[in-house]
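Visitor: I'd like a close look at one part of this structure, please. Could you walk me through it slowly?

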Amino acid sequence: MASDFDHESIAELQRKQPAFRGLDAGHMACPGCGQALGARLVTEAIGPDVIIANATGCLEVFTSAWPRSSWRVPWIHSLFENAPAVASGIEAALKVQGRPTKVVALGGDGGTFDIGLQALSGMLERNHNVLYVCFDNEAYMNTGVQRSSSTPHAAMTTTSPRGKQRMGKRHLKKDLLSIIGAHHIPYAATATVAYPSDLRAKVRRGLEIEGAAFVLVHSPCPLGWDHDGALSIEVARLAVQTGLFPLIEMERGTVVSAMHIRSVRPVVDYLKLQGRFRHLFEDAPEAREELQHLQQIANHNLELYALRSDQPEALDSESADTARRGGLRWS
Amino acid sequence: MIDAIEGSAAVARAVALCRPQVIAAYPITPQTHIVENLAQLIADGKLRCEMVSVESEFSAASVVLGAAASGARAYTASAAQGILLMTEVLYNIAGLRIPLVLTCANRAIGAPVSAWNDQQDSMAMRDAGWIQLYCADNQEAVDTTIQAYRIAERSELPVMVCMDGFTLTHTLEPIDLPTQEQVDSFLPPYRFKRALDPLSPITIGNLVTPEYYSEARYVHHHALLRARAEIAAADQDWARISGRTCGGLVSVDGPEDARVGILSIGSVMGTLYDARDEFPDLGAVKLIKLRSMRPFPAEELQGVCAGLSELIVLERALSPGGGGIVGAEVRAALCEMEPAPRIHNFAAGLGGRDMPLKIYPALLEAAKAPQATRFAILDVDLTKVAEEDR
């Protein structure tokens, strides 16, 4: 079957890769959408020689309204909970056909942490040569901001509201990366739209590796998190600098690297920018207790992944993607 | 060459002759033997194919969706609860117009839990937008599987080949397996013009607003209607190569002047043919085999029912609170006929209950009633039912 596909032309496409944009302009995402930025960065890093399987969610909806499409790469959307299985089928087909094309699955936290977790686990266990990228905006944004298992503790959503007897979500954010790690796949990482060079490097790493790879991309949602769309990058960066969203890499289930934080910020710096945590700043004992709790979660991450560092590094939380400070940019 | 082969093994061999490139399945009785046989063919190097052993039927259907969308000929099989778990994906495969073939080893749906044959599973999927073909015996299962790939790929529609679980899947019958050359001459290599390919990137599975949704459904509906010609042509063309026909969309067997007909679907046809020979004194009876449930061959059915005064519809599933599923469709298709036969609708053989030869005189007797039976379960034993439930 290999003769059906023109490898020379694919090589030509790959030479154009740095200028290539898999997700084009004109889509319908909200201003400041972290997922739209994330998808653009991810597809730029992948290049044109890819087939994408996309789970149902915001990304699917704002890019594919018939008769238009923002995708410049072959792209298929089937259902909410089966993107990993569709990607497995694509990979199996390419293997039989002898095509070297990469396979990438994209989903949100609803499709990944919750309804699609079984299919994802199957894909990872079978170690398909697929890169799965989850854009984590910590709630079901597409359907109107309902809590997911990725929603942080105490955050308000439309199904975990603040009320007389509730302080937002009662449960912890699911530690998905540990679950992914337990599959002992070759590569898994967390990344964020606030550090594009780090994100691109991790996507490329995931693609280069033979076998299943997973990248979790923290993606602010101005609508659901209730922050100014102009502050999306700032909010995402603070999630890292407070220790609430550690940037780590895993190989075969073992943590092999973490982005160090030179000056750790208190969690209130991150929380106060977002309306979903507004109730934590009320003058009430339960609000103070929740703030303390979130700080303890951040402290736990700082210890667990040894995130603190006194020495400036080119790719620490203050230098990465900041040319002004002498860090690496657009690596 | 004719061999005595178990139904599941015969279907596996037929699938292998179609040169599938990706197979994905999850085990469920009574389908399991089919994929076990395929796994053995792959393990023995007799079939070059990627076999994906998934973690659920939902993923099995999703894997073959992705594979067929990427230009690979794909196959899956399931039954009962497995078919129901696939439901959302089956609708999606059809809506995306992805050609692939699925064998449904028909089995009852729980609760109450049952591992045995009836056709509730595939009947529950009749509105999914798939072509549905029912097999009367294992030779038909073999021939229909081969035809199904050509029908699917020419019409860009998925095909569900339905064969009664255990009654067919676990039964040894003499089977004439075609040669590879015969199948190759009938079934060209799979070429999907909408295949996912970086050199001509397309978007599959768009969001469709109310502005376009009705048109999408119209196109899908008409593709199924047009597939009637494809199903009939595939059967005729395969008959030229193999010397065997499966009866196209619907077929009839019996004397021209018979005024009584029995219509059924699946393996019970064999029982009815034998019973008619067993009870020759019961008069002339046409036996009508409905092979294609979707697309539903309404006009062809009117043709084969012309001249009948009594039509008995016997089926192995029901719509609780409604009645017979096939019966309702047959009634709707024949209501414009002038004169139309009286229609008597019975379910029997549910959850694996045997359908003995004596069902034939019982059906003919029931059709003599002054009032036609709108719907009844023929072989229900009310002594097993609590008094208040009778």
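Predicted model: local features only at pLDDT ≥ 70, side-chain atom pairs only at ≥ 80, totals over all residues.

Visitor: Which residue of β9(B) is the bridge partner of Trp75(A)?

Guide: The bridge partner of Trp75(A) is Thr203(B), a residue of β9(B). Now zoom out to the strands. β2(A) and β9(B), the latter made of residues 203-204, run parallel and are joined by two bridges.

Next, look at the contact between the chains, to which chain A gives 43 residues and chain B gives 37 residues. On chain A's side, the elements that supply two or more residues include our strand β2 (75-77), along with α1 (7-15), β1 (50-54) and α3 (58-63). Also in that group are α4 (83-97) and α6 (117-125) of chain A. The biggest giver there is α4(A), with twelve residues. Sort chain A's side by kind and you get 24 nonpolar residues, 13 polar ones and six charged ones.

Even so, the two touch: 28 residues of domain 1 of chain B are in contact with 19 residues of domain 2 of chain B. On the domain 1 side, α6 (120-123), β6 (131-134), β7 (159-164) and α9 (210-242) of chain B each give two or more residues. The largest share comes from α9(B), with five residues. By kind, that side of domain 1 of chain B splits into 16 nonpolar, seven polar and five charged residues.

How values were computed:
Residues numbered from 1 in each chain as written. Chains lettered and ligands numbered in written order. Contact = placed C-beta atoms within 7 Å. Helix = DSSP H or I, 4+ residues; strand = E, 2+ residues; numbered from the N terminus. Nonpolar A, V, L, I, M, F, W, Y, C, P; charged D, E, K, R; others polar. Pairing = 2+ DSSP bridges.
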